[in-house]
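Student: I would like to go through this model term by term. For each label, please set the value against its definition.

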Amino acid sequence: MSRTTTQRTAVAISAAVLLLPLSACGGDAEAGSGSTVTVTVGYQSRTINTVTAGTLLRSLGSFEKQLNALHDGVHYKVDWQDYATGAPITAQMTAGKIDIGSMGDFPLLINAARGKQLNSPTRLVSVTGYNLRGGLNTIVTAPDSKLASLKDLKGKKVSTSVGSAADGTLVRALQRAGIDPNGGIEKLNQQPSVGASALAAGSTDALSQFVAWPGLLAFQGKAKAIYDGARLNLPTFHGVTAREDFAKQRPAVLEAFLKAQAQATDYLNDHPVDAAEKVAKATGLPAEVVYLYNGDHGIATFDPAIKPQLVSALKQDVSVLKSAKLTGDVDVDSFVDDRYVKKALGAAAYGKHLATKPAPAASEAWPKGASKTLSFNSPSKLLRYVAMHRDDLRAAYVPDTTTGTLWFADKAVWVADGDRLLPFVAPDTAQAYIAAHGGARVVPYAEALERAS
């Protein structure tokens, strides 16, 4: 069969799926002794900030176990549907074909707007992973590119996924740099994998994407960071949304999902290396990249509680989507519904979750064959360890001196300031530090290792 014929067949199958009766979803099947209910979950396996509601959750089997524990005379079947971005999950949810989905903050707002517009409202019921400064989104360029700052992007081609959190980061970052995000660059609306290929082929000058694409490309030596999203100092997160009719018709099922998500979250936080290995096995991503984001001191913090800071950030995101004509007004307060996760966790425990803070920044080394990483309280101490164990390491990580965003030690921009060795994710952050500290200068990684040893 030719590739064209295969593509046409796939399109025909996709169209047929859209015409399937809604009874396949948990919210529409009738309960009763011996009946079977299919609960359809939309997730993004390679968007590893959502693993506690997707990849890791599925790997652990926690949701199925919670459903079996309901003992309500119903046989439950979970249909896991994997997507590259949040947009198709929203399309399927508003069509009544997905009951529960996970996606980033900007797609969540589009999900809320589309649901209301199509009279199929959805609700934000929990959070997966977040970064209070915005470090989950990064702008990268080719390894040999001469571009060194956002201002260098003026008039250049930049790939992103319009309507995604990464696009939101790009828009805000350009605005702060004094560049019109619409006319100041040539924006290419592409799926993450397409944008990565475009960057490698030289058909785009830069790529703005969400977890885990920037870290993956940097790890593979196919890109270098030009802008750390944490410079915006605005929270970004991924969350779980459910169809309102499903939540009302099957609250016990939704509660079971959220209990399972909490279990997956505890597992990730208690066993970060093993969790990274499980996600890597399921997705094909390098475990070292998964750990960069989901590790003990990773870029993402995992907690199902819907924190006020995240709701506030969601409200600020509306204006960005409105200016791009992707949504109108969104009633964030009516979209956010923490009743289900509060019940799943218990009121007292939920209160503790709301008060928890991200782990403090730290440098980490991951020795080969080790089930745990080693933490260091300074980048210099990490470098000293790396210098003595170069052939025995899977990866070494350091937090950006200004933003705290974790990055690979050998991909960071290193600055020598007297006896101090300071890492940065991107050149412009390093230059901002140098401008404020006389005598500080950028040094190659090899020199930083030599200085530390």
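Tutor: We can begin with F257. Leaving aside its neighbours within four places in sequence, F257 is in contact with V41, A53, L57, F63, I100 and V240. Contact here means heavy atoms within 4.5 Å. This is a predicted model, in which local features need pLDDT of at least 70, side-chain atom pairs count only at pLDDT 80 or more, and totals for chains, interfaces and linings use all residues. Residues are numbered from 1 along each chain as its sequence is written, and side-chain values use heavy atoms, with hydrogens and water left out.

Student: Which residues have the most contacts inside the largest nonpolar core?

Tutor: They are F63, L254 and F257, in a core of 59 residues. A nonpolar core is a set of buried Ala, Val, Leu, Ile, Met, Phe, Trp, Tyr and Cys residues joined through side-chain atoms within 4.5 Å. Helix α10, residues 251-270, gives the most to this core, with eight residues. Helices (H or I, at least four residues) and strands (E, at least two) are DSSP runs, numbered from the N terminus. There is also a second, separate core of 41 residues, whose members include A196, A218, A395 and V425.

Student: Why is L258 called buried?

Tutor: Buried means under 20% relative accessible area, exposed over 50%, and partly exposed in between (1.4 Å probe, protein chains only). L258 has a relative accessible area of 1%, so L258 is buried. L258 lies in helix α10. Apart from neighbours within four places in sequence, L258 is in contact with V125, S126, Y340, V341 and A344.

Student: How do you know whether T429 is buried or exposed?

Tutor: By the relative accessibility, which is 1% for T429, so T429 counts as buried. T429 lies in helix α18, residues 427-436. Its contacts, leaving aside neighbours within four places in sequence, are R231, D400, T402 and F424.

Student: What makes A365 buried?

Tutor: The relative accessible area of A365 is 0%, and therefore A365 is buried. A365 lies in strand β12, residues 363-367. Not counting residues up to four places away in sequence, A365 touches T373, L374, F376, L382, Y385, L393, A395 and A396. A365 and F408 are 43 residues apart along the chain, and their C-alpha atoms are separated by 9.9 Å.

Student: Where is N49, and which residues is N49 in contact with?

Tutor: N49 is in the loop between β1 (35-43) and α2 (55-60). At 0% relative accessibility, N49 counts as buried. Leaving aside neighbours within four places in sequence, N49 is in contact with T128, G129, Y130, L136, V211, F237, H238, A300 and F302. N49 and R451 are 402 residues apart in sequence and 35 Å apart in space, C-alpha to C-alpha.

Student: Why does H71 count as exposed?

Tutor: H71 has 71% relative accessibility, so H71 counts as exposed. H71 is found in the loop between α3 (62-68) and β2 (74-82). H71 has a positive phi of about 50 degrees although it is not a glycine.

Student: And what makes K325 exposed?

Tutor: K325 is at 75% relative accessibility and therefore counts as exposed. K325 is in the loop between α13 (308-323) and α14 (332-335). K325 also has a positive phi, about 60 degrees, although it is not a glycine.

Student: Which peptide bond is cis?

Tutor: The bond from V211 to A212 is cis, with omega near 10 degrees. A212 lies in the loop between β8 (206-210) and α8 (213-219).

Student: How many helices and strands are there in the protein chain, and why is the chain called as compact as a globular protein of that length?

Tutor: The protein chain has 19 helices and 18 strands. Its radius of gyration is 22 Å, close to the 22 Å that the globule rule gives for 453 residues, so the chain is as compact as a globular protein of that length. The radius is taken over C-alpha atoms, and the globule rule is 2.2 Å times the number of residues to the power 0.38. Buried residues make up 57% of the 453 residues.
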